[in-house]
Amino acid sequence: MRPDGTPVRVLVVDDDPDLAEVLSGALRYEGWEVRTAHDGVSAAAGARELLPDAVVLDVMLPDTDGFAVLRDLHTVLPGVCVLFLTARDAVEDRIAGITAGGDDYVTKPFSLEEVVARLRGLLRRAGMARRIDEGPRLVVGDLAMDEEAREVTRGGDLVELSPTEFELLRFLMRNPRRVLSKAQILDRVWSYDFGGQAHVVELYISYLRKKVDAGRDPMIHTVRGAGYVIKPAAGR
């Protein structure tokens, strides 16, 4: 979250639609609002509409290069954080990116975890994500998760979870008030190659409810025909 409680906004600019979508999915998993663009023209338009806090920017684009896009972005958003993506690892290319006003760079191929970590660092230093970096904690109502210690409490009481239950709850808590489909949950919690059926999601949701909602106002809700959502209990 941003300091005002709204989601961090990120613009992803890459001419490879598949890569842009995979990267955007990883960033949305963080609870961030994400928009994609595949060339300089759409990047400029997207930036003016989204007003992003950070931009993930490919150096090589079909109609221009990332350095020119960055110069245009800075006329609209002088303080935006910029993480360059580049297939070129030469020292002069890195220098060119920093000289153009970029804050950091990642060389392709990269891990999604590295990109997320770099963005977290940039946002923290810019003061745009203080809530994210106060600690590895997720909070929804009176439910709190310490991701580093892998501890969950509700109303101050410890909730014991299995590793799979923990990952499922983490995905829900990273997307509060957002309805997540069974397919999305299978993809994120059990991975794309799991090959399982939707009933496993129903089963683990029931496990979570028994541990998180037992004896309390419910936080985990079923949206018929759509999926599941977590939100603060009524009255909170």
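Student: Okay, what's the bridge partner of V56 in β4?
Tutor: V56 has L83 as its bridge partner there. This is a predicted model, where local features need pLDDT of at least 70, side-chain atom pairs count only at pLDDT 80 or more, and totals for chains, interfaces and linings use all residues. Residues are numbered from 1 along each chain as its sequence is written, and side-chain values use heavy atoms, with hydrogens and water left out.

Student: How many bridges join β3 and β4?
Tutor: Strand β3 (residues 54-58) and strand β4 (residues 81-86) pair in the parallel sense over 5 bridges. Two strands count as paired if DSSP finds at least two bridges between them. The strands are DSSP runs (E, at least two residues), as are helices (H or I, at least four), numbered from the N terminus.

Student: What's the strand order in that open sheet of 5 strands?
Tutor: The order is β2-β1-β3-β4-β5, with parallel pairing. At the edges sit β2 (33-37) and β5 (104-107), each pairing on one side only. From one strand to the next, the twist averages 20°.

Student: And which strands does helix α2 touch?
Tutor: Helix α2 (residues 40-50) packs on the sheet and touches β1 (9-13) and β2, where contact means heavy atoms within 4.5 Å. The direction of α2 makes about 175° with that of β1. For such angles, axes are lines fitted to C-alpha atoms, for helices over the stretch in contact, and the angles run from 0 to 180 degrees between N-to-C directions.

Student: Switching topic: how many salt bridges are there?
Tutor: The count comes to 17, taking a side-chain nitrogen of Lys or Arg within 4 Å of a carboxyl oxygen of Asp or Glu.

Student: Where are R150 and E167, the pair linking distant parts of the chain?
Tutor: Their closest N and O atoms are 3.3 Å apart. R150 is in the loop between β7 (143-146) and β8 (151-154), while E167 is in helix α7 (residues 163-173), 17 residues apart. Both residues also belong to a salt-bridge network with E30, R120, E147, R170 and R174.

Student: Why does R150 count as partly exposed?
Tutor: Because its relative accessibility is 42%; buried means under 20% relative accessible area, exposed over 50%, and partly exposed in between (1.4 Å probe, protein chains only). E167 is partly exposed too, at 22%.

Student: And what's the N to O distance for R216 and D157?
Tutor: That salt bridge comes out at 3.1 Å. R216 lies in the loop between α9 (199-213) and β10 (220-223) and D157 in strand β9 (residues 157-159), 59 residues apart.
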